[in-house]
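Q: Hi! I'm new to this one, could you walk me through a couple of parts of it?

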Amino acid sequence: RVYLRPDEELRVSTDDLREYYYTWMVSRARAKRNAIGIVYRGRDFRGMKCYKPEWDNKFVLGALGTLAMGDNLAVELAQAAHFNLLQRKAGACQDGEFVVYRQPFPRGNFVELLQIDDHVGGQKVKVVPRSWVAFRTRLACPAHWPGPSTAPRPDEPRRDTEVFARSNEAYHAVGLHPHPKKAVRDAVLHTVVGGEVEGDYGTIAAPRLRSAVLCRLTFWQLYIGITTPRLFISLVSCWVQVFLYRRCLLSIFVDCFRWYAWAEAQETEDTFLIPRDVQNELLCACCLWPLAMTDLRAGFSEYLYGTDASLKMAGVVKAHVGAQVGADLWRGAEHVGWATKLGSPIYSWLSDYSGPAVEELLGEKEEGAFPSSFVPKPLAEGVLWDVAEVFRGRGNYSLVHEEEGLRVHAGFDK
């Protein structure tokens, strides 16, 4: 979703927190749920803070006093804590700059991404446009490429410089340690969230070296001519990831996807011969992968198109909206069709609800009572209870709702 003008480049900065999960301290009650499923002797823990001499000859379980990888809430807690630290102490992750999944992409010159322990920033900077001669020079001799054509203008404030300087101060203030070897500043060539960004030329693609290795592995697989279902699934999945940066190239996979579905249904790992049509499609993938990149400088269409089709006919309509409107529509577009959500029965019921307001219903009853008319009947999608209490314990919350006539689930303690 990043758009670069001819006189702009994208500079990338990143930080990676070292052993982020293990800098946390959790309560004793939560640590008990982080027990390692191996029985030890108490004496095995000599030298550790948790060691107690009276446990020397007893069988014990080790439990982590930090966030554990298997903790159901570890990702949410770590992400929320990192986000709040950067927002409150460093002035980062602000609205209009922070990239949120399935939300419109920010308009500004600086964007941020946060993924648990990784903090990524992208800054657009003004530079002198490169010439085609310089581009050919880089292709001919990449090792002697001099780097960015010009430095950013000194009078232009750099939001990324400010954010990452203050982020480092915030990390050290609370005892977090960014990995010094993984810290990147002002890079024009860097891999971010699985994509290799060339900020000077405005392209992003799957990492080129990995794609070249995948191409060689594919050649070897086709030379052998025999594969297994699991190996075939892995091979095709890797090519799909490469072609996601130029999705029209996925159209070459027809028989590959047909055999992919067949391989997923197999329960054994018996070998099979790779059909000739599948071999041809994989050979095409090996030839076309250098083109599988997204051009960040591609402009926006001035027209809005609508399509519809049936088994007998199809239709296309268009309307002129201008490049600015096209850019805003592109920012908020959903490009993954299968992820599009339809209205749920609950949403439909609430949208059509025309009864009295909740406050009016609650006001007519005694304090603390639940109006039965406001609770909808069981829905077709399978809602069997009105209340389900997580970490139930004594279940006081559930008992109160049960006394009011609501159907209460047995609850979850783990």
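A: Happy to! Keep in mind that this is a predicted model. Let's begin with helix α2, whose buried residues are A74, A78, H82, L85 and L86.

Q: Where do those buried residues of α2 fall, seen down the axis?

A: They lie within an arc of 90°, so they line one face of the helix. As background, an α-helix has 3.6 residues a turn, so residues three or four places apart point the same way.

Q: How many residues does α2 have, and what does it reach from first C-alpha to last?

A: Helix α2 has 16 residues, running over 74-89. From its first C-alpha to its last it reaches 22 Å, close to the 22 Å expected at 1.5 Å a residue.

Q: Which residue with a positive phi follows α2?

A: That's G91, with a phi near 65°.

Q: Changing topic: what's the strand order in the open sheet of four strands?

A: The order is β7-β8-β9-β12, and the pairing is antiparallel.

Q: Which strands stand at the edges?

A: Those are β7 (189-192) and β12 (293-295). Each has a single partner strand, so one side of each is left without a neighbour in the sheet.

Q: What does the twist average from one strand to the next?

A: The average is 20°.

Q: Over how many bridges do β9 and β12 pair?

A: Strand β9 (residues 203-205) pairs with β12 over three bridges, in the antiparallel sense. There, T203 stands opposite D295 of β12.

Note on methods: Residues are numbered from 1 along each chain as its sequence is written. This is a predicted model: local features need pLDDT of at least 70, side-chain atom pairs count only at pLDDT 80 or more; totals for chains, interfaces and linings use all residues. Side-chain values use heavy atoms; hydrogens and water are left out. Helices (H or I, at least four residues) and strands (E, at least two) are DSSP runs, numbered from the N terminus. The expected span of a helix is 1.5 Å times one less than its number of residues. Buried means under 20% relative accessible area, exposed over 50%, partly exposed in between (1.4 Å probe, protein chains only). The arc is that of the directions from the helix axis to the C-beta atoms. Two strands pair if DSSP finds at least two bridges between them. Axes are lines fitted to C-alpha atoms, for helices over the stretch in contact, and angles run from 0 to 180 degrees between N-to-C directions.
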